[in-house]
Amino acid sequence: MIEPWHYQVVSAVLFMIGVLGVLIRRNVIVMAMCIELMLNAANLSLVTFSRMWGNHDGQIFVFMVIVVAAVEVAVGLAIIIRLIANRDSLNIEDTNLLKW
Amino acid sequence: MEVGAYVPVALFLFAMVMLVFAPLMTWVERKQSALMQDRIGANRADIFGIRAIGLLHPVADVIKMITKEDTFPTGGNRLLHTLAPIIATIPAVISFAVIPYGGSYEAWGARWDLVVADLDYGVLYIFAVGSLATYGSVLAGWASNNNWGMLGGVRVAAQMISYEVAMGVSVVGVFMIYGTLRLTDMGFAQQETFRLLGFIEHLGWAGPGSWWVDLIKIPMWGIILQPLAFWIFLTALMAENKRAPFDVPEGESEIIAGYFIEYSGMKFGLFYMGEWIEIVVISGLMTAMFLGGWSIPYLPDHVLVDALAYALGPDMANVLAMVVHVVVFFLKVIFMIFFQQLVRWSVPRFRYDQVMNLGWKILLPLSIANIVVTGFVILVVQGMMS
Amino acid sequence: MTEQVLFYVFSFAALLSAGGVVLNVRNTVYAALCLVVSMLSLAVLFIMLSAEFIGVIQVMVYAGAIVVLFLFVIMLLNLKSEDMGAESQPLLKLVGTLLILVVSVKLVALLSGTRKSWPELDSEFGTVKAVGGVLYTDYLLAFEIAGVLLLAGLVAAVVIGKQRID
């Protein structure tokens with residue numbers, strides 16, 4: 001029997017893998033992909049809750065999260081393309097002009 | 001998913017379409033283009049002197065492709081180079097799972113459903129699976145370590161994702177009219193007829209003796225109720241398939257072979273088979289949604305089965321109706337394949353900026369206008385009926 | 001039984017391919033493909049949770065459009081792995097991994113204490129009709145705002161990404 005907490009555990013571990021990716025990878029594109037992993041983990045958790053409580057609110061929330069993720073990826077990748085054009089490096093350590 | 005539906009017939013038809021139609025399409029291409037160009041076409045391949053009007057050429061093609069050397073570009077990515085044709089062909093093949101070859105028939109205690117997977121969201125499934133087909137072409141272009149391959153890969157990605165938008169938006173009108181995404185329900189809905197002059201009666205202009213209002217009945221086929229959506233959807237699907245006038249990515253005269261360039265032998269064969277199978281999928285989808293599915297016009301399922309049951313008894317009537325409907329479905333599919341080949345051999349290839357212009361600036365606004373007009377018409381008709 | 005097999009297979013596929021996204025240092029395209037596998041596995045999990053519409057939308061939008069956009073940018077930039085720049089220092093990797101492990105173990109321990117069973121749902125739950133009904137009645141404002149957000153993102157992406165013609 002698969003109980004709800006099985007799905008929640010998968011969601012939690014997936015989220016942690018995403019956080020790990022954002023912490024240890026320096027490539028801007030891979031960091032954006034790990035952010036997508038975190039959003040997907042949240043989606044899985046929301047859909048599980050929607051099934052647990054028997055109403056559609058969680059699924060509507062997931063729909064909105066997917067919309068926001070799509071917009072974020074589009075704008076983020078546009079910014080990354082300008083970053084490459086200016087700095088010629090995909091390393092996030094090189095974008096530190098505003099650092100003290 | 002209902003338990004107890006008997007699907008082996010549907011599975012058999014599905015396998016038959018895969019195995020038979022794909023090589024047959026190469027024969028159709030050769031012979032139809034030859035007919036259109038007033039020449040004979042390929043007819044030399046024979047087995048022991050029997051030349052079946054060129055039908056053995058697909059056999060020769062398959063033997064050639066299997067025995068060819070499998071080249072591999074230096075500096076390319078071996079794993080992705082091998083994986084790309086597989087990823088390109090799988091979506092075309094599994095799209096067939098939701099296309100209905102016929103309705104539901106009761107024979108010998110079981111209910112025979114002539115569809116492999118009667119999904120509630122059938123058309124969305126085809127869109128989702130079709131959007132995965134982009135990966136095959138994009139990876140093929142990238143893994144080839146070749147400038148023309150890269151260029152072809154970039155072009156094909158942009159073209160396919162542009163036309164997915166027009167593809168999805170154009171059929172919203174069809175969903176609004178039939179009220180369902182399930183292809184079998186659409187097939188059943190297209191068996192109804194509506195009276196062309198019915199508005200006269202609803203507006204109160206007809207007296208009690210007007211028999212002529214009931215005279216003209218038209219089947220509620222998608223192409224009659226949504227003609228603009230039919231053309232936009234067909235154009236978008238042909239652009240997705242990178243066929244017909246939209247084959248800029250494999251532009252033979254411009255960038256040699258585009259993203260195909262480093263492929264030979266069976267991998268190239270897989271790409272090509274994927275394209276042919278996609279043509280059959282497009283034809284099947286257009287038939288199921290716009291051309292009335294499996295049914296003969298003016299002859300709904302139950303009328304046909306009852307008529308046959310007088311002569312043959314209920315079981316054999318259902319089986320015979322099943323055979324009739326499958327034959328009608330495939331006749332319509334063959335017509336659509338013929339039409340797509342007709343377009344392919346008549347119209348010259350578009351320029352790349354023309355392709356993008358058509359997808360974004362012409363098809364998308366027309367699809368949105370179609371939704372608005374359809375909504376308006378539905379409201380008016382519902383207002384008249386109540 | 002089928003449900004258990006499906007769940008274990010696809011949840012492990014999702015987690016392993018997520019690991020693949022993080023650990024694929026030399027080749028970014030492999031990382032993007034691992035992301036696709038992860039999203040497809042999650043779509044299967046969604047469909048197992050009776051969220052049919054969301055599962056299909058996940059495949060269509062996430063796996064079929066968003067990751068294609070990632071792949072498009074990776075291919076367009078066409079950077080070789082040499083000029084990706086150095087990855088982070090080993091100390092950060094070690095501390096990060098330990099921290100994540102500790103938090104994960106704590107989260108799993110916390111979550112496994114909860115016990116709830118699935119309620120009975122009618123067959124119309126999660127279908128396109130049901131979700132659409134809720135979306136257009138209760139959440140109409142959110143839906144419209146999502147549309148405006150998409151328009152704003154479209155304009156922003158075009159303006160930011162466009163080459164300046166000086």
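1. The domain bounds used in this note come from an automatic or database domain assignment. On that basis, chain C is divided into domain 1, residues 1-80, and domain 2, residues 124-166. The C-alpha centres of domain 1 of chain C and domain 2 of chain C are 22 Å apart. The coordinates under discussion are those of a predicted model.

2. Contact between the two domains of chain C involves 4 residues from domain 1 and 5 residues from domain 2. On the side of domain 1 of chain C that touches domain 2, the residues comprise 2 nonpolar, 1 polar and 1 charged.

3. As to secondary structure, chain C contains 6 helices and 0 strands. The order along the sequence of chain C is accordingly written α-α-α-α-α-α.

4. The overall dimensions of chain C deserve a separate remark. The radius of gyration of chain C is 21 Å, whereas a compact globule of 166 residues would have a value near 15 Å. The C-alpha trace of chain C extends over about 60 × 45 × 25 Å along its principal axes.

5. In chain C, 30% of the 166 residues count as buried.

Conventions. Residues are numbered from 1 along each chain as its sequence is written. Chains are lettered from A and ligands numbered from 1 in the order in which they are written. This is a predicted model: local features need pLDDT of at least 70, side-chain atom pairs count only at pLDDT 80 or more; totals for chains, interfaces and linings use all residues. Helices (H or I, at least four residues) and strands (E, at least two) are DSSP runs, numbered from the N terminus. The radius of gyration is taken over C-alpha atoms; the globule rule is 2.2 Å times the number of residues to the power 0.38. A residue is buried if 20 or more other C-beta atoms lie within 10 Å of its own, exposed if 12 or fewer, and partly exposed in between; C-beta atoms are placed from the backbone. Two residues are in contact if their C-beta atoms, placed from the backbone, lie within 7 Å. Ala, Val, Leu, Ile, Met, Phe, Trp, Tyr, Cys and Pro count as nonpolar, Asp, Glu, Lys and Arg as charged, and the others, Gly among them, as polar.
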